[in-house]
Amino acid sequence: MSHARPVTDIDAVLREHGPMLFRIASGYTRTTAARDDLAQEMSVAIWKALPAFRGEGPLKAFVARTAQFAALDHVRKRSNRFDSDAIDDSFESHDPRPDEHAGQWQRRQQLLQAVRGLPVGQRECVLLVLEGFSNREIADILGMPGNTVDQRLSRARQHLRTLLEAAK
């Protein structure tokens, strides 16, 4: 059995997985400022947890797991506070003609808003699916049985359909 060398270069980890952190944070926050704050909290959590990574699985899964725990901690801290901030609908676009993508942008906004409306357990599974993780990987990341992930995703799909139909 070989022991992998611990990953210690936080800058390299954040360069590679930073965009994923922002996408996950977007699923738990309503404004750009709150998203940035949560992504920073996630980065600190990853920096603290990184010495414990021994290569038993993919680094991406370790980063996602740590980010999810930080996001859930953030949600727990804010659950007793009233959030009166409006949803910030601004997304950066590098496309030279954003007017051609207005319908796509609107659907993306509706999906993101619908994902934010899911219960936390379903939301964390959906956000990881959107990051490309398989159901089995999600179960490992979240430390739960695969059938629980399957049930949460099934219920999330039904809930998202209902929310998106109501938005039409």
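Helices H3 (residues 59-78) and H6 (residues 135-142) cross at roughly 55 degrees, and their axes come within 9 Å. That angle makes H3 oblique to H6. The crossing is right-handed. The model is predicted. Seven helices and zero strands make up its secondary structure.

**The H3–H6 contact**

- From H3, the contact takes Ala-61, Ala-64, Arg-65, Gln-68 and Phe-69.
- From H6, Asp-140, Ile-141 and Leu-142 take part.
- By type, the residues of this contact are five nonpolar, one polar and two charged.

- Ile-138, Ala-139, Ile-141 and Leu-142 are the buried residues named for H6.
- They lie on the same side of H6, because they cover an arc of only 165 degrees around the axis.
- Arg-136 and Asp-140 are exposed on the other side of H6.
- Asp-140 also belongs to the contact between H3 and H6.
- Which helices do the buried residues of H6 pack against? The partners are H3, H5 (120-130) and H7 (146-167).

**Ala-139 in H6**

- Ala-139 sits in helix H6.
- Is Ala-139 buried or exposed? Its relative accessible area is 6%, so Ala-139 counts as buried, the cut-off being under 20%.
- Beyond its neighbours within four places in sequence, Ala-139 contacts Met-144, Pro-145, Gly-146 and Val-149.
- Val-149 is also one of the H7 residues in the contact with H5.
- Ala-139 and Cys-125 are 14 residues apart along the chain, and their C-alpha atoms are separated by 8.7 Å.

**The H5–H7 contact**

- The axes of H5 and H7 are 9 Å apart, and the two helices pack at an angle of about 90 degrees.
- H5 and H7 are therefore roughly perpendicular to each other.
- H5 brings Gly-121, Gln-122, Glu-124, Cys-125, Val-126 and Val-129 to the contact.
- H7 brings Val-149, Arg-152, Leu-153, Arg-155, Ala-156, His-159 and Leu-160.
- The residues of this contact divide into seven nonpolar, three polar and three charged.

**The H1–H3 contact**

- H1 (residues 10-26) and H3 cross at roughly 45 degrees, with axes that come within 10 Å.
- At that angle, H1 is oblique to H3.
- The crossing of H1 and H3 is right-handed.
- On the H1 side, the contact is made by Val-13, His-17, Met-20, Leu-21 and Ile-24.
- On the H3 side, Leu-59, Lys-60, Val-63, Ala-64, Ala-67 and Gln-68 contribute.
- Eight of these residues are nonpolar, two are polar and one is charged.

**Gln-68 in H3**

- Gln-68 lies in helix H3.
- Gln-68 has a relative accessible area of 0%, so this residue is buried.
- Which residues does Gln-68 contact, leaving aside neighbours within four places in sequence? They are Ile-24, Tyr-28, Glu-124, Leu-127, Leu-128 and Leu-142.
- Ile-24 belongs to the H1 side of the H1–H3 contact.
- Leu-142 belongs to the H6 side of the H3–H6 contact.
- Gln-68 itself is named in the contact of H3 with H6 and in the contact of H1 with H3.

**Lys-60 in H3**

- Lys-60 is also placed in helix H3.
- Lys-60 is partly exposed, with a relative accessible area of 33%.
- Not counting residues up to four places away in sequence, Lys-60 touches His-17, Met-20, Glu-131 and Phe-133.
- His-17 and Met-20 are H1 residues in the contact with H3.
- Lys-60 and Glu-16 are 44 residues apart in sequence, yet 8.9 Å apart in space, C-alpha to C-alpha.

**The protein as a whole**

- From the N terminus on, the elements run α-α-α-α-α-α-α.
- Of the 168 residues in the protein, 34% are buried.
- Among contacts with a separation of 6 or more, 67% join residues 24 or more positions apart.

Conventions
Residues numbered from 1 in each chain as written. Predicted model: local features only at pLDDT ≥ 70, side-chain atom pairs only at ≥ 80, totals over all residues. Heavy atoms only, no water. Helix = DSSP H or I, 4+ residues; strand = E, 2+ residues; numbered from the N terminus. Buried < 20%, exposed > 50% of the residue type's maximum accessible area, 1.4 Å probe, protein only. Contact = heavy atoms within 4.5 Å. Axes fitted to C-alpha atoms, helices over the stretch in contact; angles between N-to-C directions. Parallel < 35°, antiparallel > 145°, perpendicular 65-115°, else oblique. Left-handed = near helix turned anticlockwise from the far one by under 90°. Nonpolar A, V, L, I, M, F, W, Y, C, P; charged D, E, K, R; others polar. Arc of directions from axis to C-beta.
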